[in-house]
Amino acid sequence: MKQSAVRPCRLPRAVSNANEHMKGCSNVPGTINEWLAAAALIFSLLNTLWMWISRPARDVGDRLQTLKSEGDLRWTQTMDNLKEHDRRIQRVEDGVQHLPTKDDLHEVADQVTRLGTELEGISRVVTRIDDFLRQGGKR
């Protein structure tokens with residue numbers, strides 16, 4: 001019976017040079033290329049796993065960025081509206097400053113009442129003068 005070229009990969013205890021003994025081993029990588037290939041495979045698997053795990057976080061990040069830009073737009077619109085309201089309120093306040101106050105209106109009402117009283121007196125005097133002149137100046 002012929003033995004195959006592939007030897008088992010167990011290290012006997014009495015072997016002093018492990019590299020010499022493992023040279024023909026098939027299930028242990030022996031060259032740099034084999035180690036690099038194994039490392040590349042592991043790296044690609046880890047990268048795939050990372051991309052699969054971090055996908056929801058990227059989606060959430062994109063959604064947050066969209067919401068932030070929408071929020072910035074709404075903030076700008078709100079600030080513009082507030083500025084316009086401030087201007088309108090300022091115009092109203094400027095106009096209200098020139099309007100009469102409650103006390104001013106009360107004073108005007110008192111003056112109109114006094115004026116009405118004076119006009120009644122003048123009206124009586126004018127009526128007397130009119131009557132006098134119609135009678136031809138006789139009394």
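In which helix is the place of Ser54? In this predicted model, Ser54 belongs to helix α2, which covers residues 32-97. The surroundings of this residue are described below, after an outline of the whole chain.

The secondary structure of the protein consists of 3 helices and 0 strands, and from the N terminus the elements follow one another in the order α-α-α. Of the 139 residues in the protein, 2% count as buried, while the accessible surface amounts to about 13300 Å², with 60% of that area belonging to carbon and sulfur atoms.

Helix α2 is built from 66 residues and spans 90 Å from its first C-alpha to its last, which is close to the 98 Å expected at 1.5 Å a residue. The helix has a kink of about 45° at Ser54, and this kink lies shortly before the proline Pro56.

Charged side chains were examined next. Side chains of opposite charge can pair when their charged atoms come close. In the protein, the count of salt bridges comes to 4, and among them are two pairs in helix α2, Asp59 with Arg55 and Glu84 with Arg87. In the pair formed by Asp59 and Arg55, the closest N and O atoms are 3.6 Å apart, and the two residues are separated by 4 positions along α2, about one turn of the helix. Asp59 has a relative accessibility of 37% and therefore counts as partly exposed, and Arg55, at 45%, is likewise partly exposed. In the salt bridge between Glu84 and Arg87, the closest N and O atoms lie 3.2 Å from each other, and these residues are 3 apart in α2, again about one turn of the helix. Glu84 is partly exposed at 37% relative accessible area, and Arg87 is partly exposed at 46%.

A further salt bridge joins Arg134 and Asp130, whose closest N and O atoms are 3.0 Å apart. Both residues lie in helix α3, which runs over residues 102-134, and they are 4 residues apart, about one turn of the helix. Arg134 counts as exposed because its relative accessible area is 67%, over the limit of 50%, whereas Asp130, with a value of 32%, is partly exposed.

Definitions and conventions. Residues are numbered from 1 along each chain as its sequence is written. This is a predicted model: local features need pLDDT of at least 70, side-chain atom pairs count only at pLDDT 80 or more; totals for chains, interfaces and linings use all residues. Side-chain values use heavy atoms; hydrogens and water are left out. Buried means under 20% relative accessible area, exposed over 50%, partly exposed in between (1.4 Å probe, protein chains only). Accessible areas come from the Shrake-Rupley method with a 1.4 Å probe; for residues, only the protein chains shown count as cover. The expected span of a helix is 1.5 Å times one less than its number of residues. The bend at a residue is the angle between axes fitted to the seven residues ending there and the seven starting there. A salt bridge is a side-chain nitrogen of Lys or Arg within 4 Å of a carboxyl oxygen of Asp or Glu.
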